[in-house]
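User: I am new to this structure and would like to learn how its features are read. Could you guide me through them?

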Amino acid sequence: MRTYLLLIGVAFITSYLLTPVLRAVGARFLPEDSVRKRDMHKRPTPKLGGVAIIGAIYLGLAMASRIPFLDGVFRNTEPVQGVAIALAVVLVMGVLDDLMDLKWWIKLIGQISIGLIIASHGIVIKALPVGSVHFDSQVARVAVTILLIVLIMNAINFMDGLDGLAAGVSAIGAATFFIYSYYLATRVDAEDYSNFSALLCAILLGATLGFLPHNFNPASIFMGESGVLAIGLLLAVSSIAVTGDVLGEDAFRFRNVPAYMPVILPAAVIMLPLLDLGLSVIRRMSRGQSPFHADQGHMHHRMVQGGHSEQTTVILMYLWAALCASGVMAFSLGNRRIVVPVYVAAIVFVGLATWWPKIGKATRS
């Protein structure tokens, strides 16, 4: 655990210190975006925050490769190389989008290319614990892997609508998935807790937490396209890799882990972004618009329109994300006699806080 805590700290400090540098670069050299009608911020704000997040991830991976404790992760360098190359593509495409506002189809091609890079370096979905579904065809494995990566990257992108929202929700997801991956590692070997998914989530947790103080309302910098794609990429790769751990050839080592965890937990970790993504697509297509047409119909927009401040909305979204992410682990691995009443009480509390403006308005009338 100390190794992972060290990497979290290194990624945090790197991201925290690098973000103001990128803010100055963005303000000095990038064109100043005008505030659009659908935007929630009131003044032009520099982007490029995602570059700081990616820089922290690269430094974390480089440092991890030198730590003997993690030799097991770097024994096969293919997955790590795939992540490094994919992050480079994310960096280039994200900065170009911040500069030129790329067309949606160009970004989609780029996202598919990122998925292909990951799959070509051995990180693919091999099976699902749903009716013993196995993907025997390599084409099917690659296709499902790319679909998952593109889906999660876009889900995080759709969540990036309020200051600090995407970074905070992603940090909560990374923390939850780190705990789960670390737990799995302890089931394999009591002496060796090294795990690829735990490593990625630890570094991502530090990088997003380091960026968050600069991005929380009122934000002095946005993460931009590079940030949301990098976060989505690492969350997707972590979920794919840990699914391979539990359902691969050595699955017998995890027989005390509920079989549905590798699929349910990743979905729960990004439940809010996925739900928002699905509702947005349905909403826009029902209006005859492109699914990629931006609007102010996201969940966080509706909460602000319903009477919450932007800061309160973000905090409430954090709480919902934490409940979704922690629920699967708590019900699967905890004492249900304790978990159930605590979880129900937490849902009631957060639910009342979320709908309080409407409740208050109804009681006053």
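This is a predicted model: local features need pLDDT of at least 70, side-chain atom pairs count only at pLDDT 80 or more; totals for chains, interfaces and linings use all residues.

User: At what angle do α4 and α5 pack?

Analyst: Helix α4 (residues 78-100) and helix α5 (residues 104-120) pack at about 170°, and their axes are 8 Å apart. Angles over 145 degrees count as roughly antiparallel. That is why α4 is described as roughly antiparallel to α5.

User: How do the axes of α1 and α2 cross?

Analyst: The axes of helix α1 (residues 2-29) and helix α2 (residues 49-64) come within 8 Å and cross at roughly 145°. The crossing is right-handed. On the α1 side, the residues involved include Leu-6, Val-10 and Leu-22; among those they meet in α2 are Val-51, Leu-59 and Met-63. The contact of α1 with α2 divides into 13 nonpolar residues, five polar and no charged.

User: Which residues make the contact between α1 and α8?

Analyst: Consider the geometry before the residues. α1 and helix α8 (residues 196-215) pack at an angle of about 35°, with axes 7 Å apart, and their crossing is right-handed. The contributors from α1 include Tyr-4, Phe-12, Tyr-16 and Arg-23, while those from α8 include Leu-199, Ile-203, Phe-211 and His-214.

User: Does Ile-156 count as buried or exposed, and why?

Analyst: Burial is judged from relative accessible area, with buried meaning under 20%. Ile-156 counts as buried because its relative accessibility is 2%. Ile-156 lies in helix α6 (residues 138-159). Between Ile-156 and Ser-170 there are 7.9 Å in space, C-alpha to C-alpha, for a separation of 14 residues in sequence.

User: How many helices and strands does the protein have, and what percentage of its residues count as buried?

Analyst: The protein has 15 helices and two strands. Of its 365 residues, 50% count as buried. The protein exposes about 16,800 Å², of which carbon and sulfur atoms supply 65%. Among contacts with a separation of 6 or more, 78% are between residues 24 or more positions apart.

Technical notes
Residues are numbered from 1 along each chain as its sequence is written. Side-chain values use heavy atoms; hydrogens and water are left out. Axes are lines fitted to C-alpha atoms, for helices over the stretch in contact, and angles run from 0 to 180 degrees between N-to-C directions. Helices (H or I, at least four residues) and strands (E, at least two) are DSSP runs, numbered from the N terminus. A crossing is left-handed if the near helix is turned anticlockwise from the far one by less than a right angle, and right-handed if clockwise. Contact means heavy atoms within 4.5 Å. Ala, Val, Leu, Ile, Met, Phe, Trp, Tyr, Cys and Pro count as nonpolar, Asp, Glu, Lys and Arg as charged, and the others, Gly among them, as polar. Buried means under 20% relative accessible area, exposed over 50%, partly exposed in between (1.4 Å probe, protein chains only). Angles under 35 degrees count as roughly parallel, over 145 as roughly antiparallel, 65 to 115 as roughly perpendicular and the rest as oblique. Accessible areas come from the Shrake-Rupley method with a 1.4 Å probe; for residues, only the protein chains shown count as cover.
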